[in-house]
Amino acid sequence: MTSETRLAAVATALDSLGLRALVMGGHAVRFHGVDRSTVDYDFCLATGRAEWSSLGDLLPRSPLFAAAGVIEGPSWRPGSFRRFVIGSLPDHREERLEVWRRNHLLAPFEELFARRAEGTYGDRTVRFLGLDDLIRSKETEREDDWRDVGLLEEIADERRLVAAGSPSGRVNALAALRSRRGAERARAEGLLADPAVVSSALVAATNPITQAYLLPSAARAGRAEGQGHPALRSLESALREVPPGGERHFALVEAVRRLYRRDAMASDRADKEREAGGSGEE
Amino acid sequence: MISHEGDGDDPVARILLAGEARTVDEAEELYLDRHLMDVVDLVRSPLSDAEFRRHPLIALLLARGSRGHEDSLK
């Protein structure tokens, strides 16, 4: 059994217990197109409080989980996140199932479910976090997660740029631009040539990295200065001065990216410390 | 005050030799974090594009940032 078929079997087992689930973590990263290895099975679950509390009793009702037994591991936020050992891998490492009821980086389950990606994985159809939600879920304090973010951003940009045939598609693609490869492709295909289109995208853009890519190409009146994310504020004037698409522009974008990442890592760390200190919501 | 030509020697090596970081990776991160806002001065400097690209801060920032198309073809 491959890692993919085992993940698909775990997803099916959760379904059979009446637990609606979306795959996140390394298998979702693989599904969306990044070739990397993973051994953990990570899921967002739709469960009520009572069902969540009884998860340790519920899981063994599935033959798949009952076969090797279910042993709960430590969690720094048991009201939102739980970890179970469900077997052992061929190399004798633990096989772990990690589940989230509420992830502090993500929207409520129903929103995630509405934006889900679904496709064949292993030997059956499996439901995953949508690509943008997966990227958001990786904006943690862990360096490894940011490596995934960088690769997933390129994939997300490419998908949107392929679908950028219509005016709304162009604005949609530009309004979510996150990678240098995406920005270079957008420029090569002429998508950044019309300041009005870029300004519309800039108004719709919510991420400071996207805003940093767009600012030099936007009409001056496209956006009031100084109202953006803190990562952008100190660099916005310089971004309005540089020629778009040059090394000076890309250096400023990378500075914004580093500030954004630093802010996200600090925020995730603070959240974890709050939970560990017992001041979490549960 | 930043040097428009770089510091003449390797700033990452200096951090390592001073014992402020245990690995090259840590030293590069430390250097970038300490000097990140110097990017604005460099962007506004009269450096040519080639000189700008060669500055240690810019070279490292771009090398550790989002890769361009040329990187994927190497």
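1. Start at A:Trp100, which sits in strand β5 (residues 94-100) of chain A. Helices (H or I, at least four residues) and strands (E, at least two) are DSSP runs, numbered from the N terminus. This is a predicted model: local features need pLDDT of at least 70, side-chain atom pairs count only at pLDDT 80 or more, and totals for chains, interfaces and linings use all residues. Residues are numbered from 1 along each chain as its sequence is written, and chains are lettered from A and ligands numbered from 1 in the order in which they are written.

2. A:Trp100 is buried, because 22 other C-beta atoms lie within 10 Å. The cut-off for buried is 20 or more other C-beta atoms within 10 Å of the residue's own, with C-beta atoms placed from the backbone. Leaving out residues up to four places away in sequence, A:Trp100 touches A:Cys44, A:Leu45, A:Ser80 and A:Phe81. Contact means C-beta atoms, placed from the backbone, within 7 Å. A:Pro78 is 22 residues from A:Trp100 in sequence and 9.3 Å away in space, C-alpha to C-alpha.

3. Chain A has domain 1 (3-133) and domain 2 (144-267). These bounds come from an automatic or database domain assignment. The domain centres, taken over C-alpha atoms, are 33 Å apart. Six residues of domain 1 and five of domain 2 make the contact.

4. Now the two chains. Chain A gives 19 residues to the contact and chain B gives 19 residues. On the chain A side, α10 (180-188) and α15 (247-276) each supply at least two residues. The largest share, nine residues, comes from α15(A).

Conventions
Buried ≥ 20, exposed ≤ 12 C-beta atoms within 10 Å, placed from the backbone. Contact = placed C-beta atoms within 7 Å.
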